[in-house]
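Dear colleague,

Please find the structure below, followed by an account of what was found in it.

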Amino acid sequence: MANKIFAYIDHFGGQVLPASWEAVGVARSLADQLGSGVTAVVLGHEVEGIANQSIEYGADQVLLGDDPELKDYRPELFAGTLSHLAAEAEVLILPTTSRTRELAGMVAVDLETGMAPDVISFEIDGDAILATRPIYAGKLLTKVVCREKRPQIITLRTRAFPKPEPESDRSGEVVRVEVVIGEVVTEVTGYKPSEAGVSLTDAAIIVSGGRGVSNNPKLTPPNEITDEKEQEIWRAQQGFALVRDLAETLGAAMGASRAAVDAGYIPYALQVGQTGKVVSPDLYVACGISGAIQHLAGMRTSKMIVAINRDSEAPIFKLARFGVAGDLFDIVPALTRALKERLGK
Amino acid sequence: MNIVVCVKQTPDTAATVSVEDGVVSWGDSPLVLNPWDEYAVEEALRIREAHSGQVTALSLGPEAAMEALKLALAMGCEQAILINDPALEDADPLVVSKVLAAAIKKIGEVDLVLFGRGSVDNDTGITGPQVARRLNWPVLSLVADITSLDPEGRTIAVERMIDEGRQLVRGSLPAVVSVVKGINEPRYPSFMGIRKASRAEMPIWSTADIGLDEVPTPAMTWPEIFAPLKVETECEMIEGETPEEVAARLADRLIEEKVI
């Protein structure tokens with residue numbers, strides 16, 4: 001019997017995004033429950049290694065579209081090929097990344113079927129997957145289901161499902177497939193590396209700074225900076241340097257609140273919250289963040305939250321497991337030193 | 001340039017959203033133009049200012065959504081169109097994309113369609129790409145910068161904000177673009193703009209008006225909306241005489257909890 005559970009493997013620069021393995025893990029457990037097999041889809045150029053890895057993580061079969069045309073992700077090409085391959089699938093599971101969200105949506109149009117992004121849990125209900133996903137940035141949850149159309153397409157919220165352990169002795173077959181080249185209409189001309197360093201959505205630990213990072217009264221900006229706004233930004237940069245030191249000590253990603261982004265302290269790519277990135281790390285350290293509702297919406301599912309804030313009444317403490325009511329300019333560098341000592345760095 | 005900007009009315013992001021008997025409410029909080037769509041409207045206006053042409057704001061929603069369209073008009077859009085049809089009440093993304101694509105075809109001779117990266121309510125973030133797919137136009141999503149636009153040469157070049165940084169992409173017109181925050185700083189409506197918007201005639205289109213003989217059936221249904229379980233967290237305040245003492249205690253607790 002043909003495999004009915006498909007998992008799509010997203011990768012960039014030769015590296016598979018860890019969330020892709022979470023998708024394979026979910027596909028594996030679903031296939032085991034339904035008595036089916038897992039087909040992984042790998043599209044790209046010189047990605048045979050990724051196909052073999054997919055088997056180690058749980059795929060029985062890999063459909064490998066390896067073609068110079070697929071060197072860069074381009075939505076039209078990838079959607080066309082994936083739609084062709086997944087047309088007979090019962091379920092297509094993808095991670096949720098800046099590529100796969102639109103990819104899944106476009107495949108849904110090609111196959112006239114339903115698609116649910118950012119799924120955080122699901123149950124099997126009759127013949128269908130009843131998936132739960134956050135709406136209003138997690139202030140509410142909704143169950144969604146695609147009863148009749150197939151395949152059912154879901155993209156998984158990163159870190160909502162466990163990442164399986166690879167098993168090097170697993171076996172499976174790699175099948176090379178033709179790439180569907182339609183009227184290609186976009187051309188990738190280059191890349192610029194991230195402003196963010198460690199990816200926020202994949203990070204196990206995030207250290208974030210808020211508006212409070214610019215409030216260090218002990219700092220005097222250099223004389224050549226006379227503009228008040230520029231002095232504020234200079235202060236904020238000194239504050240974010242402390243946040244960055246702590247993040248680096250913990251191997252963490254750095255984040256920021258909307259207030260800090262809107263004030264021009266730090267690029268938007270680092271914003272956590274309803275209009276930024278929604279994250280779910282094991283540990284979230286909030287420095288100088290009071291906890292506006294739209295920030296909380298973006299990080300409330302973190303497994304543990306630590307809040308460092310001058311105002312002990314700040315809403316962030318209501319979500320925190322550990323809190324320090326104190327000055328981040330004293331506490332954060334002291335914490336960095338204490339952790340360096342203990343972690344032997 | 002004939003530009004269409006697709007917008008949606010949503011609750012404000014500061015709203016406390018709750019649900020009772022499956023009905024979502026947001027207290028006294030106002031309904032606003034979806035924050036991400038403000039960037040799309042602003043970008044549309046800037047392109048028109050640079051290349052001339054006109055901007056049409058297009059929304060699918062209840063009659064109340066005319067308020068969001070009025071804001072788009074007040075910001076400077078020439079025209080606003082509401083698609084309102086009781087048959088669309090349960091529309092899922094698949095239906096929404098079909099309806100918007102049909103409306104864009106009806107508007108005709110469109111060079112560029114702009115979207116915000118998603119809406120802050122349902123937050124699927126796929127409407128733009130789905131509309132592009134239906135129109136068979138290129139999609140340039142998550143755009144942080146339109147680096148060049150040549151209406152005569154029919155090309156557009158952008159920087160996309162992807163997880164790994166920026167991807168530089170070139171496409172042909174007509175195209176669908178979705179934009180992220182940071183691409184611009186949306187303007188406030190002018191007094192004149194507000195006056196003009198309040199007097200503007202706004203066409204309301206049904207599905208029949210845009211040439212859809214029958215309303216498509218949604219593929220997705222949502223049988224249940226509920227509030228997440230409130231996790232009661234007891235916050236353990238870490239105290240001490242000096243910052244060093246506080247930091248040492250906190251570091252020890254984090255290690256005990258095995259989170260680092």
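Strand β13 (186–193) of chain A pairs with strand β11 (residues 165–172) of chain B in the antiparallel sense over 7 bridges. Pairing requires that DSSP find at least two bridges between two strands; helices (H or I, at least four residues) and strands (E, at least two) are DSSP runs, numbered from the N terminus. Within this pair, A:Val188 stands opposite B:Val169.

This is a predicted model: local features need pLDDT of at least 70 and side-chain atom pairs count only at pLDDT 80 or more, while totals for chains, interfaces and linings use all residues. Residues are numbered from 1 along each chain as its sequence is written, and chains are lettered from A and ligands numbered from 1 in the order in which they are written.

The contact (C-beta atoms, placed from the backbone, within 7 Å) takes 73 residues from chain A and 69 residues from chain B. β13(A) gives the most to the side of chain A that touches chain B, namely 8 residues.

An open sheet of 6 strands, with parallel pairing, runs in the order β15(A)-β14(A)-β16(A)-β17(A)-β18(A)-β15(B). Its edge strands are β15 (253–256) of chain A and β15 (236–237) of chain B, each pairing on one side only. β15(B) pairs with strand β18 (residues 322–325) of chain A in the parallel sense over 2 bridges, and B:Glu236 is the bridge partner of A:Phe322.

With kind regards

Note on methods: Two residues are in contact if their C-beta atoms, placed from the backbone, lie within 7 Å.
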